[in-house]
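User: I would like to learn how to read some features of a protein model. Please take them one at a time.

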Amino acid sequence: MDPYLLWKWLHIVSSTVLFGFGAGTAWYFWNAHLTGDPALISRVGRMVVRADWIFTGTSGILQPVSGVVLVHLAGFSLFESWLVAAYALYAIAFLCWVPVVWLQIKTQRLAQTAAENGTLLDQDYHRAMRLWFALGWPAFLGLMAVFWLMVAKPVLW
């Protein structure tokens with residue numbers, strides 16, 4: 001098999017997993033949050049955190065590795081303007097994802113404590129969820145822009 005096609009396939013599949021699991025876990029966690037049920041939020045949160053580490057984290061590492069290999073195999077310069085923009089947007093998405101995972105762990109534990117104690121979700125939980133929600137948007141939009149850059153390959157400067 002042609003190495004370029006193999007790496008391209010790997011890059012596309014890992015980007016699909018990265019984006020799909022990122023959006024999917026966010027969807028389920030947000031909808032669990034909207035119920036206000038600490039026990040449900042705790043259960044869904046445990047699954048979301050696990051999925052983010054296993055799938056989103058793994059594909060998030062594979063993306064830059066396969067991307068650099070593809071750049072080399074395709075003969076592009078690492079400093080093409082569309083690639084530099086993609087690196088920056090990917091870095092922003094990553095820098096948002098790290099605290100998002102930490103916030104998921106925190107909110108899951110706060111929900112678990114509330115469920116165990118039979119109490120309502122406290123302000124610390126709600127503050128963490130607002131930050132989680134706010135950090136999710138730059139990551140989501142950044143990855144959408146990276147997809148566009150990978151397809152269009154525009155000359156930006």
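User: Is Pro 99 buried, partly exposed or exposed?

Analyst: Buried means under 20% relative accessible area, exposed over 50%, and partly exposed in between (1.4 Å probe, protein chains only). Pro 99 has a relative accessible area of 26%, so Pro 99 is partly exposed. Its place is in helix H3. This is a predicted model, in which local features need pLDDT of at least 70 and side-chain atom pairs count only at pLDDT 80 or more, while totals for chains, interfaces and linings use all residues. Residues are numbered from 1 along each chain as its sequence is written, and side-chain values use heavy atoms, with hydrogens and water left out.

User: Which class does Leu 34 fall in, buried or exposed?

Analyst: Leu 34 has 53% relative accessibility and therefore counts as exposed. Leu 34 is found in helix H1. For the chain as a whole, buried residues make up 35% of the 157 residues.

User: How many helices and strands does the chain have?

Analyst: Helices (H or I, at least four residues) and strands (E, at least two) are DSSP runs, numbered from the N terminus. The chain has four helices and zero strands. Along the sequence the pattern reads α-α-α-α. The C-alpha atoms fill a box of roughly 60 × 35 × 20 Å, taken along the principal axes.

User: At what angle do H1 and H2 pack?

Analyst: Axes are lines fitted to C-alpha atoms, for helices over the stretch in contact, and angles run from 0 to 180 degrees between N-to-C directions. H1 and helix H2 (residues 38–74) pack at about 155°, and their axes are 7 Å apart. H1 is therefore roughly antiparallel to H2; angles under 35 degrees count as roughly parallel, over 145 as roughly antiparallel, 65 to 115 as roughly perpendicular and the rest as oblique.

User: Which residue classes make up the contact of H1 with H2?

Analyst: Contact means heavy atoms within 4.5 Å. Ala, Val, Leu, Ile, Met, Phe, Trp, Tyr, Cys and Pro count as nonpolar, Asp, Glu, Lys and Arg as charged, and the others, Gly among them, as polar. The contact of H1 with H2 has 21 nonpolar, 14 polar and two charged residues.

User: How are H1 and H4 placed?

Analyst: Helix H1 (residues 3–35) and helix H4 (residues 123–152) pack at an angle of about 155°, with axes 11 Å apart. H1 and H4 are therefore roughly antiparallel to each other. In this contact, 13 residues are nonpolar, three are polar and none is charged. Among them, Phe 19 and Trp 30 are on the H1 side, and Trp 132 and Phe 140 on the H4 side.

User: How many salt bridges does the structure hold?

Analyst: Side chains of opposite charge can pair when their charged atoms come close. A salt bridge is a side-chain nitrogen of Lys or Arg within 4 Å of a carboxyl oxygen of Asp or Glu. The structure holds one, between the side chains of Lys 106 and Asp 124 (3.2 Å, N to O). Lys 106 lies in helix H3 (residues 81–117) and Asp 124 in helix H4, so the pair ties together parts 18 residues apart in sequence. Lys 106 is partly exposed at 25% relative accessibility, and Asp 124 is partly exposed at 28%.

User: How far apart in space are Leu 34 and Val 155?

Analyst: Leu 34 and Val 155 are 42 Å apart, C-alpha to C-alpha, and 121 residues apart in sequence. For Pro 99 and Leu 135, 36 residues apart along the chain, the C-alpha separation is 8.0 Å.
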